[in-house]
Amino acid sequence: MTTSTQSPIKPLGASAEIAQNSPDYDNRAIYMKLGLELSPKVAGPMPVKELLNRFLPLKITAAQRRELAQQSSFAGCPKSKRGSQHQNNTIIANLRKTANDLMADMVFQDTQDVHPSGHWHMKDPYPATRPDFCIYHVSDLQPTNMPGSTGMATRSSTATTTSKTLSSINDASLVVVNGDLKPTDVFNDTGDTFVLNNDLAHLTLGQLGQMFHKIMAFQNRMHLFSLVVTADGFARIIRWDRAVVVVSERLKYTGQHQQELAEFFYRISRVRKEHQGYDTTIQPAFEADIFKAAPHLDDFDTNHQIYNQPPCFPPSDGKCNTGKFLAISVPDGEEKRIVIARRLQPVVEDPMGRATRGYIAYDLTSKRITYLKDSWPAASHVTHEHIVLKDLAEKRVPYVPTFVCGGPIVDQQSLEENYLEQPWNIGCRMTEQRAHQRFLVREVGKPLAVSLDPQSCQSHQILHRLSEAITAHKAAYDKAGYLHRDISEGNVLHVKSCDEHGTTRTQALLIDWDLAKTILTSTTRRERTGTWYFMSVNLLGDNALHQSLSDDLESFVWLLLYLYLRHLPWSMENADSKEPKDVEETLLKIFEPSGIHSGYGKMALLSYRRPHLEFNCEPATMCIQGLLGQLDLFLQEVNRYKAALRKRREQSNKQTKADEPDTAGSAFGSHEVFLSHLREFIKLEWPRPDSWADRAPLGFTTIPRSPIVSPSQLSHLQRKSEQRLVRQNSRKMSMLASSSSGTKRKSETLVEEVECSGEHGPSASKKQCLAPKQRSSSRSGSG
């Protein structure tokens with residue numbers, strides 16, 4: 001087995017200064033952003049015995065524990081210089097021997113030198129990173145002679161080989177990271193904040209989070225365990241789920257905690273699959289079910305061009321590859337319904353959050369193609385999507401998906417919020433618990449801008465479909481009292497349907513109601529809702545606002561503008577010589593976020609200096625200019641109302657509650673007025689054809705480019721983080737000064753050490769600390 005002392009994290013943290021024009025700078029910003037996002041969601045240090053009993057429940061006798069301690073191989077690790085080749089090799093060998101001796105039906109595999117292209121089969125904005133070691137179930141390994149195999153799996157430290165090798169890092173059951181870092185640990189068990197507040201900590205946490213997110217994207221999991229082992233004799237067990245990261249206390253595996261680490265390997269290979277983190281409601285499909293479903297899935301894909309994959313049925317060799325299909329259990333009242341779906345290439349998802357997946361599935365009960373949606377919404381959300389869809393069906397709302405069955409998955413939630421209120425936790429205490437939901441709908445829609453009738457005016461068809469989507473939005477708002485809150489390109493689809501006379505027609509489908517809220521709901525959002533490219537100017541400018549009807553109607557305008565800019569020929573005249581000329585640059589300038597709270601690109605189109613935008617299709621130009629003009633008038637009225645309200649509050653010196661601005665006659669204050677404007681534009685004479693084609697670069701998406709914050713904004717976030725740490729240290733100084741007034745010099749020396757270790761790490765010198773004047777001013781200013 002090849003071993004290496006180089007950690008994939010070390011190049012990012014080893015150098016304090018990285019040139020901004022180097023590739024490593026972009027990677028550094030990506031990991032820094034991800035680490036900053038994950039840092040408030042980390043809880044710890046959890047006592048290791050409590051962690052093992054809580055998350056890996058298994059009855060172990062005292063005699064078994066003593067035997068486990070004897071089988072641990074870490075006691076013989078040499079006490080050499082940290083990070084030396086000899087010590088690192090010894091740790092790896094002992095770690096592998098301990099794991100393989102204690103685990104049942106699992107294999108310890110070296111993956112640090114595996115080229116990512118052979119294993120991380122995912123195209124995403126993150127740089128290629130892989131764990132140093134992975135632990136696999138034997139059943140997840142493939143024969144050595146299969147394509148893509150890279151080495152032999154081993155079951156002992158003597159490199160005894162088996163007939164199987166790993167098939168992909170993405171199949172790993174446990175991730176082990178050998179972090180040869182300085183400082184070696186990014187967590188502080190005794191400080192005010194659990195995650196150290198420095199660049200290296202955020203970079204390391206960002207890379208650990210990326211490994212977690214990739215494995216969770218490829219596997220059907222509820223949570224994942226990882227083990228971080230450092231060369232100075234310490235380790236930490238980490239449990240990741242969709243809402244929180246729980247980190248164990250610091251474990252000295254060469255001393256007092258070697259029994260607990262051995263017990264961890266013993267437990268994780270013997271507990272039930274659910275406790276290991278697997279979603280047992282998704283299993284490989286039986287061959288008989290595949291033979292029923294595969295022809296229908298192939299036929300649907302051929303007719304609708306959803307996957308654009310070659311047919312997989314009938315198999316060329318007469319053997320059915322069961323690994324390509326999944327049998328998924330869907331709640332159906334008191335019963336379960338089984339659907340068969342392809343194992344798809346996963347999309348990039350956030351490490352935390354809803355983790356939405358969609359499958360085109362064959363329903364074995366109804367014997368027809370359906371659409372399955374799988375997600376992890378907030379457990380406290382009262383309007384879960386399957387409930388909304390059932391309510392919309394009862395109220396006969398048109399142009400929305402037809403609910404078939406579904407609901408919450410039993411016993412599949414993230415860690416509950418109140419569990420974090422433990423005395424050992426000095427990290428995250430506020431997190432939103434997430435619950436696993438899954439449901440089926442009858443319709444399978446297609447993207448709005450594709451597969452239109454090429455013989456007709458496609459921009460006219462787009463306007464028709466949007467008017468139908470707004471009709472659905474109006475009916476849901478008026479009849480059922482729901483506000484959608486996520487109008488975007490991916491949520492307005494079109495689908496072919498048949499009426500009672502057998503006539504086939506194309507109509508809109510407004511989907512993704514999982515962010516919908518009832519009109520009477522006024523709770524404050526914990527996070528910004530919607531898709532950034534299509535959010536209203538007001539929401540982008542003020543994250544504290546509650547989303548209203550006008551925000552959703554404005555999103556329809558930005559969606560229409562986006563589709564026309566991307567697919568129609570156009571020209572833009574402006575006195576500014578820096579005005580972008582190509583499609584990608586224009587889309588980025590208008591829709592791409594330029595800050596944490598920003599809609600400057602959209603505001604520029606509404607200002608008095610707005611450029612003259614002209615499409616090759618005159619009705620499209622009239623439609624866009626008319627809607628932008630109406631939006632400009634509406635926002636002016638809203639701004640006048642806000643200014644008057646601020647003035648009244650200043651004069652009365654108290655919070656004045658006033659009525660909303662009178663916008664009922666505006667296109668953005670009423671569905672009827674907005675639809676009447678669209679119908680006037682629909683009645684215009686539209687040319688045929690209109691040169692409709694995708695003019696954006698291949699792979700262009702409406703996902704904000706990572707990182708969302710620019711390097712300058714990233715530096716601003718780091719400065720704010722450092723300022724917060726200075727304030728914390730100031731409070732420490734006040735406490736020290738009051739408790740040891742007789743030993744002033746001793747206290748000042750201790751304060752200097754606290755500041756040095758907080759801002760520059762334990763190895764920092766006093767020259768790197770704050771100057772005496774700065775310390776005294778911060779001390780006096782903190783009070």
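Buried, in this presentation, means under 20% relative accessible area, exposed means over 50%, and partly exposed lies in between, with a 1.4 Å probe and protein chains only. At 0% relative accessibility, C623 therefore counts as buried.

Good morning, colleagues. The structure is a predicted model, in which local features need pLDDT of at least 70 and side-chain atom pairs count only at pLDDT 80 or more, while totals for chains, interfaces and linings use all residues. Residues are numbered from 1 along each chain as its sequence is written, and side-chain values use heavy atoms, with hydrogens and water left out.

Let me stay with the cysteines for a moment. A disulfide is a pair of cysteine sulfur atoms within 2.5 Å, and the structure holds zero of them. For C623, the nearest cysteine sulfur belongs to C617 and is 9.6 Å away, and C623 is in no disulfide. C428 is buried as well, with a relative accessible area of 5%.

I turn now to the aromatic rings. A pair of aromatic rings is described by the distance of the centres and the angle of the planes. Rings of Phe, Tyr and Trp (its six-membered ring) pair if their centres lie within 6.5 Å; planes under 30 degrees apart count as stacked, over 60 as edge-to-face and the rest as tilted. How many aromatic pairs does this rule give? The count comes to 16. In one of them, the ring centres of Y562 and F591 are 5.6 Å apart and the planes stand at 85 degrees, so this pair is edge-to-face. Y562 belongs to helix α13 (residues 549-567) and F591 to helix α14 (residues 583-591), so the pair ties together parts that are 29 residues apart in sequence. Helices here are DSSP runs of H or I with at least four residues, strands are runs of E with at least two, and both are numbered from the N terminus. Both Y562 and F591 are buried. Another edge-to-face pair joins Y564 and W692, at 6.3 Å centre to centre and with 85 degrees between the planes. Because Y564 lies in helix α13 and W692 in the loop between α17 (671-682) and α18 (711-739), this pair ties together parts 128 residues apart in sequence. Y564 is buried at 0% relative accessibility, and W692 is buried at 12%. Ring pairs also link Y533, F534, Y562 and F591 into a cluster.

Next come the strands. Two strands pair if DSSP finds at least two bridges between them. Strand β9 (residues 245-248) pairs with β1 (residues 42-46) in the parallel sense over three bridges, and V42 has V245 as its bridge partner in β9. Strand β8 (residues 234-240) is joined to β9 by three bridges and runs antiparallel to it, with I238 opposite V247. Four residues lie between β8 and β9 in the hairpin that they form. Which way do the residues of β9 point? V245 and V247 point one way, V246 and S248 the other way, and all are buried.

Finally, I come to an open sheet. Seven strands form it, with antiparallel pairing, in the order β11-β12-β13-β14-β15-β17-β16. Its edge strands are β11 (282-284) and β16 (403-413), each of which pairs on one side only. Within the sheet, β15 (residues 368-375) and β17 (residues 435-441) pair over five bridges in the antiparallel sense. S375 has Q437 as its bridge partner in β17. Thank you for your attention.
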